[in-house]
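Subject: Structure to look through

Hello,

I am passing on the structure below so that you can look through it alongside my notes. Please keep it open while you read on.

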Amino acid sequence: MSTVNRAAGGTADYLDQRTGIGLAVKNFARKIFPDHWSFLLGEIALYSFVILIITGFFLTMFFVPSMGLITYEGPLASMDGVEMSEAFASTLVLSFEVTGGLLMRQIHHWAALLFMASIVTHMMRVFFTGAFRKPREINWLVGFVLMILGLAAGFTGYSLPDDVLSGNGLRITDGVVKSIPVVGSYMSYFVFGGEFPGEHIIPRLFTLHILVIPGLILALVGLHLFLVVLHKHTHFPGPGRTERNVVGFPLFPVYVAKAGGFFFVVFSVLALMGGTMTINPVWNYGPYDPSPVSAGAQPDWYMLFLEGALRLMPGAGTEWVVAGYTLSLNVLVPAVIVPGLLFTVLALYPFVEAWASGDKREHHVLDRPRNAPTRTASGVAILTAFGVLLAAGTNDLIATHFGVSINDITRVLRVLLFVAPVVAFITTKRLCLGLQRKDRELVLHGHETGRIVRFADGEYIEVHRPLDEYERWLRVHHQPVRPLELLPAEDERGVRRKGYRRDAFRARVSRFFFEDRVEPVTPTELAAAQSHGAHDALSAPEHGDSTLVEAVANIKPEHGGMPTGEVTRGPATPRH
Amino acid sequence: MKAIAARRHHRLAPLLLLALALALTGALYAVLAPSASGTTTASDEDVEAGKALFQANCATCHGTDAEGREGAPSLIGVGAASVDFQVSTGRMPMQVNGPQAAAKPPQFDREQTDQLAAYVASLGSGPAIPTADQVDPAQGDAANGMALFRTNCAMCHGAIGAGGALSEGKYAPNLADSTPTEIYEAMLTGPQSMPVFNDANISPEEKRDIIAFLDEQRAGSPGGTSLGSIGPVGEAVWVWVVGMGLLIASAVWIGAKSS
């Protein structure tokens, strides 16, 4: 035993005897993590957050969160001798005089955009694969709150340099707050410490940005990951993957290397972007002054949908005066009600779906999106509406870059905001059902081989090759959710049943979710198909009857549960 | 003096005073009014050649004597600066009717442009083409130019002149490739949807400051590629394309194996 090993062993033993950490390390090292690229999206968010903390720590060393006025003197000709706030001046010093400062600022800002982009992508993965189902609803909510906190972190950080563009954003925020009936103007005075912009907002945002919000994010990331460990990771359907196991590789050494390596990949991509691509060039916008608003004034991408909603909302006739008080629907609807609706739907979706399905089982095998047509279609509809709002927020750039009239774009998008999600919903649902039918077709009749055979009596047929058992399992394993049955309004003695109206509503929602469906092939159906299509098998003896019998045995029994033939592949840990 | 005092109640005295006041105002205006009607050094041959070019290329819309027609303005008194701007940027002669005349490769060379300008300038006095000194970015103050640009220009042309949209298909063009002379002439003459910034509004020195600020932008962005200087939407596109694109590609690579 070498000295190094002895030292390491000694240290480990010392720690283990005093903390009992050995057991935790052993359990943790054997934790199984399934392989799929989409399971790494959340890691991008986690790593962006780590990079945000590292670069943000550097930035706080130089940034001065003050709205006190000073005259900047520095290397930037277009700002030399200009009066500005200390916040803006320190951002310029940080960018042009601190070694590596601009790189750090740019990595920080790119990381913020990437943080939100990866959170949203991760959320889409979880949504479309149904990973939010029991027992993970709470973790969905934790993730949702993390997304909101990410928005808050982005918004507070974006406003700190006190440049014209972020000041415009704060002005919009002020308007939005003021549009809230009754309490709006009080809240605005509370937020800004007086009339906008005042002298307090930058220090206040600074405290939120570097202390409160990251602290909350850190705590919730801890909870989020703890719940992932507690629930164990979900996996995609496949051979040997059940509701009671996880198929993948152990954390140590495989995933420590993979995930650890991925951190450096994320860092290098962000360093590449920060080093070569300008982001938020505040020196172009200049120090904040409430009067100028430049063309092309937009927020960062995660706030762009709000800007889009504001740009789409008609101004004329939407400002009502009620009893001497102005009700600004032209701001209230796009900036408060639209995001309120979007976020409520996102937060509550898992609970609505669970309520509509009445499904109380635990789910650890992910859904293929096609097997949950209404969910997939709802997700695509939400994304479509979001996309229309993004386009609306970009309407001036679309106008200049594609040579169209901005007025036409706005008119078209106003219609599309209502029409496009409906079209997207119907199309996606049909696509999902079509794909499911294709799956049925494949399971029942096998692959087309292109081999045409002529029988003695002159009949031509194309030989179909039956699916192998793994291909078949993927297409038949899922248990379709059927709409809830509505019990009659009156019991057997003709007495009106309590709660009937609530049940009727629930049944209606349930029908909306689960009425249109394509059931997976049952073993009986498969056997029937194989017997009347027997001449297919006759002409393809290499996939003859013996394969067929095996395959049928691997199909789940009609009413759910496990395949009768246990297929086990790769290392697997039991769920407990 | 006594003679004037004796006649101050004469019934024609108010009329005389009015005439004197008008004359004084006119004289003051002539002295103080912003006048760029400049030193026309153009020869008569230039004017003649310009007239011939005008008749052949411009008269269809602007009229044979540049008096204007339905939809095409009169060019009498627009000055050489306006002609130089419109012709040297290719906006005139106009190719197609549209929300506004687009810049395109110029149809006339330098000499022909000068001849056209000389001809139009000869029809009535107007702003002259600025001198090299007036548009020299080296003599301007970029910081003052930035302040002026932010309050006067950025709401249409964007923070550093990358351009922006106006109503019904009109637009404020990107200024990245505009020469200092073109920028000066545009401010002076207000082409298309642009307002006129005359010398009382933005003084010649301030115009030069704005030119100096725009010239600063040509050095490129200190932060790397500028991504078109169109603001956060450009950044949004690139974080999804480059950032998420590269990372999802890496994730596929890392996750590729058993699934």
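Chain A has 21 helices and 10 strands, where helices (H or I, at least four residues) and strands (E, at least two) are DSSP runs, numbered from the N terminus. Please bear in mind that this is a predicted model, in which local features need pLDDT of at least 70 and side-chain atom pairs count only at pLDDT 80 or more, while totals for chains, interfaces and linings use all residues. Residues are numbered from 1 along each chain as its sequence is written, and chains are lettered from A and ligands numbered from 1 in the order in which they are written.

The C-alpha trace of chain A spans about 95 × 80 × 60 Å along its principal axes. Of its 576 residues, 39% count as buried, a term that requires 20 or more other C-beta atoms within 10 Å of the residue's own, with C-beta atoms placed from the backbone.

UniProt, in an unreviewed entry, lists residues 238-434 of chain A as "domain: Cytochrome b/b6 C-terminal region profile", and such annotations may be inferred rather than shown by experiment. That span is 64% helix and 7% strand, and its end C-alpha atoms lie 21 Å apart.

Leu306(A) counts as buried because 23 other C-beta atoms lie within 10 Å. Leaving aside residues up to four places away in sequence, Leu306(A) touches Ala335(A) and Pro339(A), where contact means that the C-beta atoms, placed from the backbone, lie within 7 Å. Leu306(A) and Pro334(A) are 28 residues apart in sequence, yet their C-alpha atoms are 6.9 Å apart in space.

Best wishes

Technical notes. A residue is buried if 20 or more other C-beta atoms lie within 10 Å of its own, exposed if 12 or fewer, and partly exposed in between; C-beta atoms are placed from the backbone. Two residues are in contact if their C-beta atoms, placed from the backbone, lie within 7 Å.
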